[in-house]
Amino acid sequence: MADLVSRLRAAFTGRRDEVDVAVPDRAPEPQQERWLYLPSISDSGWQQIRVVDATGYDFARLTWKICQQCELGLVVKIRVTDGWQRRGYATRMLVRAMRGCESYSRTTSAAFTANARQCQHMRAAPGGGHGPARQEERPPLRPV
């Protein structure tokens, strides 16, 4: 329990206390990380990618929705823990999220706001819940 409390405190304060368990000095090698995809339980529902280290700690996460009918995508959250930033994880997660959406119109800017636009299909999709997680290969830095 103390481990969980120290990790939560570090997450909210941006500091690590004397119990330093969450973030190593360097990112794991690609062979030591696992990419997990959690599919939506419905069309136009939330999907998620998690990148975890050998201990199971998810140091990178992306949550998004895609509507095939409206050709619209919405990123709700993207996070990479400090010790793993600037190594291409956010880019790789976004490349993975865009898989199958290559024909959609590209945006020239991004707005991460509480009032982000969802289509009627996204609004109608049930909230929360994912299908079973499945392991995937590490995506490339650029779409293939």
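Where is Arg87 found? Arg87 sits in the loop between strand S4 (72-80) and helix H2 (89-97); helices (H or I, at least four residues) and strands (E, at least two) are DSSP runs, numbered from the N terminus. The model is a predicted one, in which local features need pLDDT of at least 70 and side-chain atom pairs count only at pLDDT 80 or more, while totals for chains, interfaces and linings use all residues. Residues are numbered from 1 along each chain as its sequence is written, and side-chain values use heavy atoms, with hydrogens and water left out.

Arg87 counts as partly exposed, at 39% relative accessibility (buried is under 20% relative accessible area, exposed is over 50%, and partly exposed is in between, with a 1.4 Å probe and protein chains only). Its side chain reaches the backbone oxygen of Gly83 at 3.0 Å and that of Gln85 at 3.3 Å.

Cys67 stands opposite Leu72 in S4. The hairpin of S3 and S4 has four residues between the strands, and Glu71 takes a positive phi there, near 50°.

What about the cysteines? A search of the whole structure turns up zero disulfides, a disulfide being a pair of cysteine sulfur atoms within 2.5 Å. For Cys70, the nearest cysteine sulfur is that of Cys119, 3.9 Å away. Cys119, in turn, has the sulfur of Cys67 as its nearest, at 3.5 Å. Cys119 is buried, at 9% relative accessibility, whereas Cys70 is partly exposed, at 37%.

Methods:
Polar contact = N/O pair within 3.5 Å; in protein donor to acceptor, adjacent residues only side chain to side chain. Pairing = 2+ DSSP bridges.
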